[in-house]
Amino acid sequence: ETNIDEVWEAMNANQPIRNISFVAKNKKVTKVSSQKCVTNIEKSKMPKSQQQAIISAPKSISYADIKTSISRDLNSIGDENPIIRKKSLQRLYNSLFVEHLIGEEEYDELFNDICKPILKRFIDPVEKCRELAHSICLKFFNNCQNFVPILGYYFPALMQQIPSGIGYDSDMKIFISDMAAHEAYKRGKAVDRQDRGGTAGILTHQVVELSEEIRFLSCKALVSLINRVIVLQCSPILHPYFQEIVMYLQTQLKDPFPDLKVIACEALESIAKVSDFETGMKFFSVGLVRALLPVLRHRHAKVRLAAVSALHFCMVVPDRAKRKASGSEAICDLVGFREENVLQVAAFYKSDVQINYLAELVLDKSIQVRERLVSFLSVLLTEIGDRYDHQTRIIPYLLDFLTDEAPSVAELALNCLLTCGRQYEDEHPDEVIERRQYGIDGDSRINLDKPLPPPFKERPRIGVRLYMRGNSKRFLHALVGELTNWVSNTRLKSAQLLKMVVVLCEEHLTMEANTLFPAFIKALRFAREDKDEELKKVLLEVLELFGRYVVPEVSVFYILPRLRGDVEVVQFGVDSETRIAVMEMLRALLEGARPQLVTPHFAELVSTLTDPFIISPDSPSLQVAAMQSLCTVFAAVKGRSNAVVEAHFVTTGRITSLQTSLRTVLRFLLINLSRPELNAQACRCLEVLSQLQSDPHPGWSGVEHVFEQHAVCLLENLLNDNIDNEEELWQSSEDLSLLTRLVDAPGSPLQHHSVSLQRLLDLLCSGISTSISREGDSEAPLLLAMELLQGTLLPVLHSILPLRSGSVLQPLLKSFSAAQLSQGRHLVVLAGKEVVYSQRGVQLEVAAATSVVEVLRLSMSKVMESFLLAGTWSRSAALQTARLGLARLLSGLCCPSSLSHTCSCGRGSPNNNTSGQGLGPSQPFVEGLLEEF
């Protein structure tokens with residue numbers, strides 16, 4: 001017989017049958033629905049947002065009811081039909097978390113009952129089913145409290161989402177993704193270390209789950225579990241699964257999906273902050289830091305920001321037994337450090353790339369990333385137990401942040417540096433207390449009056465300066481070497497960093513001057529040749545700061561021998577470009593030094609910077625650099641002329657005068673005034689020179705006062721030096737330019753000194769006469785001599801000397817009369833404004849002049865403008881024509897009637913009718929001149 005009760009139970013198991021109370025319930029629901037019609041009318045008056053909130057609000061339900069409502073869907077999620085599985089999972093999700101609301105204890109019991117079929121859907125072939133399964137787990141983790149029963153099922157299912165073969169080498173402290181390749185690396189095969197894959201070439205990563213969204217949901221569920229456990233303060237329940245958690249998260253760091261990298265970094269940061277996980281994190285800390293390093297180079301700023309934060313907390317996990325940060329061993333990998341005597345086997349067969357991740361982050365474009373990095377470096381320098389082992393590696397990057405363009409970043413870096421200084425004062429009280437009690441805080445000769453570059457608002461405290469002095473020597477030489485790097489941005493950043501080092505180390509850098517000075521000269525020359533004006537500007541700022549703390553006694557002692565090219569110092573001599581770089585450095589150093597410290601070296605500096613054997617006249621750029629340096633020297637000595645004499649006496653024991661040095665400088669500047677490319681700089685330098693003494697003559701300007709003091713002495717010295725060899729004076733372009741400037745300078749006393757000018761006239765005429773009679777001489781000095789004679793000297797002589805018997809022109813006329821013209825030279829005196837050449841001879845057209853001075857200027861300028869004239873005249877005919885032209889000119893200006901002369905050379909008669917106003921010299925003077933001809 002068939003038992004009807006068993007059949008009924010079997011039917012209920014397959015398809016539940018409604019009980020008798022079902023109809024009654026329907027009627028009751030119907031009545032409620034009629035009441036709802038009334039409430040719906042009332043709801044229609046509410047805003048739509050409130051209506052939607054009332055309709056979508058979950059309803060409270062008991063555990064038994066929710067289990068009954070989801071039992072069918074729970075059975076259907078294992079169906080072979082993917083559509084049924086997907087719909088069942090969707091209904092299950094809605095029933096559990098959208099439509100109904102149960103307590104946390106009910107969620108714990110419910111998740112424990114249904115976790116197995118849900119976790120099996122992690123490997124469902126349908127993407128939507130896998131996504132719903134991970135979403136359900138995520139919701140359960142957010143609402144449950146007791147995870148112990150389900151963790152044993154969850155983590156095996158989770159580890160199925162990452163590739164197999166992942167491990168950790170505790171000896172090398174790296175994570176392994178390919179055990180065979182790792183074993184080959186340990187045997188010495190030329191393969192990359194596992195954690196350095198992708199530093200050169202293309203990085204490949206194997207994934208099990210192809211969908212980025214599902215991988216993200218899976219990691220998000222794990223992060224939710226971790227955060228929930230931390231909030232509930234039951235972290236020890238994850239200890240048995242800590243290795244699986246770390247393996248899973250470090251695998252996600254290699255995932256190409258940026259959001260997944262971010263959430264994995266956040267999970268590692270959360271774990272590292274919990275003291276209950278300290279033991280496990282201490283074991284994996286170095287490996288996790290090395291796994292995070294490639295993430296620091298991601299193109300998204302949010303990923304780099306999350307990676308820096310995770311790196312921070314993973315590295316500083318305390319190792320209390322060793323009193324250190326457990327991840328500090330990876331700092332060498334962070335800065336790309338490699339010992340000089342260590343070389344990888346793979347480097348013999350392929351490129352071996354060592355990446356400085358920290359240097360790349362310092363240049364990061366995101367301000368938030370740089371701010372987070374400064375906070376990380378602050379912890380490394382001030383909080384970890386083994387900070388002294390890594391200070392010299394980290395400090396350069398902190399100093400680099402002092403030059404950051406964002407004020408917030410620079411301020412954070414400065415605060416960190418101040419904290420380091422306070423710690424140093426607390427740890428070294430004996431070294432600090434003596435300096436404070438005795439008031440000895442640095443060399444008294446350093447210049448502390450000028451403002452410091454930003455972000456410094458005042459002089460750094462003593463602890464900061466002592467802290468930097470003890471840690472800067474290791475990286476200083478490497479930093480200076482980068483000033484000539486082939487990458488322009490690297491050179492610039494190195495110069496900016498060096499500026500901060502100079503401010504913090506102050507006079508302590510004097511002991512490194514013997515190595516720093518050659519590097520500065522090389523860097524300045526490199527910037528000049530590369531036309532890198534920005535680098536040159538920063539380098540000069542560095543040198544100006546350097547000059548504040550290194551006294552001129554050191555810098556001048558080092559620089560001047562290299563400027564002079566002393567054989568003992570520079571074995572193979574010095575070229576012009578190097579001298580320019582040396583003078584630019586000297587100028588910057590003197591600008592930073594205290595003025596009273598420059599005065600003892602005034603005479604030596606002036607003699608070197610004006611020496612023609614050092615400052616070649618053939619190099620305009622060298623002359624400009626010398627005059628700029630002289631301006632700096634004059635500005636430092638301004639108003640301290642007596643101090644210069646006193647300092648020289650104290651140094652050498654001999655009394656000297658400032659006038660000798662000033663005349664040397666004035667001679668140098670007057671020569672450069674005649675050169676158009678140097679005129680502007682020479683004028684500026686002459687103006688500064690005129691302000692050197694603070695008591696100029698009343699009624700005179702500064703420049704006129706200089707000429708009033710030194711012009712006559714300069715001329716007398718010049719004439720005395722050339723009295724034995726007159727040819728040297730007029731053949732020297734420099735001396736002739738100097739004479740021109742001495743005579744025609746505004747307010748020059750030579751314009752009233754007839755004796756010196758008469759000597760100069762005799763010397764010039766003698767030299768011109770000798771040159772005309774000699775073959776092979778250069779015409780350039782002769783042109784300068786005649787220009788000096790006609791443009792400057794004759795007008796001045798006419799104003800101060802009587803014109804009796806041709807006293808002004810007589811030496812010149814004698815010179816022409818005694819001249820012996822060489823073969824091929826034809827001297828023609830062309831007077832007037834215009835000369836017309838014809839086949840029969842030369843026609844001279846002379847315009848009327850307003851004064852004798854103008855006549856002489858016109859005539860003598862034409863003499864040298866046409867000194868060499870290609871023609872077929874004989875020497876006697878040329879000389880005869882010259883004499884005729886000058887006589888005709890002078891006579892025409894004095895006599896209204898026209899004069900006519902016949903040329904004796906037999907080549908024609910040059911005729912010219914010139915009318916004058918009688919403004920020239922008297923008739924007896926003209927007749928005397930004609931007799932001289």
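How closely do the axes of helix α11 (residues 242-252) and helix α13 (residues 278-292) come, and at what angle do they cross? In this predicted model, the two axes come within 11 Å of one another and cross at roughly 20°. Because angles under 35 degrees count as roughly parallel, α11 is described as roughly parallel to α13. The crossing of these helices is right-handed, and the contact involves Phe242, Gln243, Val246, Met247 and Gln250 on the side of α11, together with Gly280, Met281, Phe284 and Leu288 on the side of α13. When the residues of this contact are sorted by class, six are nonpolar and three are polar, while no charged residues take part.

A second pair is formed by helix α22 (residues 473-481) and helix α23 (residues 488-505), whose axes come within 9 Å and cross at roughly 145°. Here the crossing is left-handed, with Phe475, Leu476, Leu479 and Val480 of α22 in contact with a set made up of Ser494, Leu497, Leu498 and Val501 of α23. Seven residues of this contact are nonpolar and one is polar, and again none is charged.

Notes
Residues are numbered from 1 along each chain as its sequence is written. This is a predicted model: local features need pLDDT of at least 70, side-chain atom pairs count only at pLDDT 80 or more; totals for chains, interfaces and linings use all residues. Side-chain values use heavy atoms; hydrogens and water are left out. Axes are lines fitted to C-alpha atoms, for helices over the stretch in contact, and angles run from 0 to 180 degrees between N-to-C directions. Helices (H or I, at least four residues) and strands (E, at least two) are DSSP runs, numbered from the N terminus. Angles under 35 degrees count as roughly parallel, over 145 as roughly antiparallel, 65 to 115 as roughly perpendicular and the rest as oblique. A crossing is left-handed if the near helix is turned anticlockwise from the far one by less than a right angle, and right-handed if clockwise. Contact means heavy atoms within 4.5 Å. Ala, Val, Leu, Ile, Met, Phe, Trp, Tyr, Cys and Pro count as nonpolar, Asp, Glu, Lys and Arg as charged, and the others, Gly among them, as polar.
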